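Thanks for coming, everyone. I'll walk through one structure this morning. Please have the viewer open.

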Amino acid sequence: MAIHLSSIMHAKQILRRSLLIGREAVSVPKGYLAVYVGERQKKRYVVPISFLNQPLFQDLLSKAEEEFGFDHPMGGLTIPCTEDTFIALTSQLSHS
């Protein structure tokens with residue numbers, strides 16, 4: 001639990017930082033967060049913050065932490081997986 005809570009807190013810090021960095025990040029509606037996904041070219045997705053409580057999404061956050069630490073090159077949270085994987089996962093989370 002402490003690891004997942006830690007990941008959530010760091011994701012919030014990254015999001016706050018990204019709000020200060022770029023105008024695009026400011027357009028995220030309340031209750032959502034922007035993430036960047038893709039292997040080569042990063043595509044921006046806006047997902048509900050309720051995903052932060054989901055174990056599958058927390059696994060992605062752990063992978064992001066392992067790969068990027070807390071210095072994300074896009075200025076926002078970068079998820080290291082393919083778009084297809086991300087879409088399949090978020091679809092599954094949306095229907096659960």
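**Rings, sheet and core**

Buried means under 20% relative accessible area, exposed means over 50%, and partly exposed is in between, with a 1.4 Å probe and protein chains only.

A word on the model before going on. It is predicted, so local features need pLDDT of at least 70 and side-chain atom pairs count only at pLDDT 80 or more, while totals for chains, interfaces and linings use all residues. Residues are numbered from 1 along each chain as its sequence is written, and side-chain values use heavy atoms, with hydrogens and water left out.

Now the overall layout. The protein chain has four helices and three strands. Along the sequence the pattern reads α-α-β-β-α-β-α. Helices (H or I, at least four residues) and strands (E, at least two) are DSSP runs, numbered from the N terminus. Of the 96 residues in the protein chain, 39% are buried. Take the contacts with a separation of 6 or more: residues 24 or more positions apart account for 51% of them. Contact here means heavy atoms within 4.5 Å. The accessible surface of the protein chain is about 6,100 Å², and carbon and sulfur atoms hold 55% of that. Those areas come from the Shrake-Rupley method with a 1.4 Å probe; for residues, only the protein chains shown count as cover.

Next, the sheet. In what order do the three strands of the open sheet run? The order is β2-β1-β3, and the pairing is mixed. β2 and β3 are the edge strands, each pairing on one side only. From one strand to the next, the twist averages 40°. Two strands pair if DSSP finds at least two bridges between them.

Take the antiparallel side. β1 and β2 pair that way over six bridges. Alanine 34 has valine 46 as its bridge partner in β2. Tyrosine 36 stands opposite arginine 44 in β2. The hairpin of β1 and β2 has five residues between the strands, and there glycine 38 takes a positive phi near 140°.

Now the parallel side. β1 and β3 pair over three bridges. Here tyrosine 36 has threonine 78 as its bridge partner in β3. Valine 37 stands opposite isoleucine 79 in β3. β1 is mostly covered, with five of its six residues buried.

On to the core. A nonpolar core is a set of buried Ala, Val, Leu, Ile, Met, Phe, Trp, Tyr and Cys residues joined through side-chain atoms within 4.5 Å. The largest one has 16 residues, and Val35, Val37, Phe57, Leu60, Ile79 and Phe86 touch the most other members. Which elements each supply at least two residues of this core? They are β1 (32–37), β2 (43–48), α3 (55–68), β3 (77–79) and α4 (83–94).

Look at phenylalanine 86. Leaving out residues up to four places away in sequence, phenylalanine 86 touches Val35, Val37, Tyr45, Val47, Phe57, Leu60, Ile79 and Cys81. Phenylalanine 86 counts as buried because its relative accessibility is 1%. Tyrosine 45 also counts as buried, because its relative accessibility is 16%.

A search of the whole structure finds two aromatic pairs. Tyrosine 45 and phenylalanine 86 form a tilted pair, 5.2 Å centre to centre with 50° between the planes. This pair links distant parts of the chain: tyrosine 45 is in strand β2, phenylalanine 86 is in helix α4, and they are 41 residues apart. Phenylalanine 51 and phenylalanine 57 form a tilted pair too, 5.9 Å centre to centre with 55° between the planes. The criteria: rings of Phe, Tyr and Trp (its six-membered ring) pair if their centres lie within 6.5 Å, and planes under 30 degrees apart count as stacked, over 60 as edge-to-face, the rest as tilted.

Is glutamate 66 exposed or buried? Glutamate 66 is exposed, because its relative accessible area is 69%. Glutamate 66 lies in helix α3. The C-alpha atoms of glutamate 66 and proline 80 are separated by 9.6 Å, and the two residues are 14 residues apart along the chain.

Key:
Axes fitted to C-alpha atoms, helices over the stretch in contact; angles between N-to-C directions.
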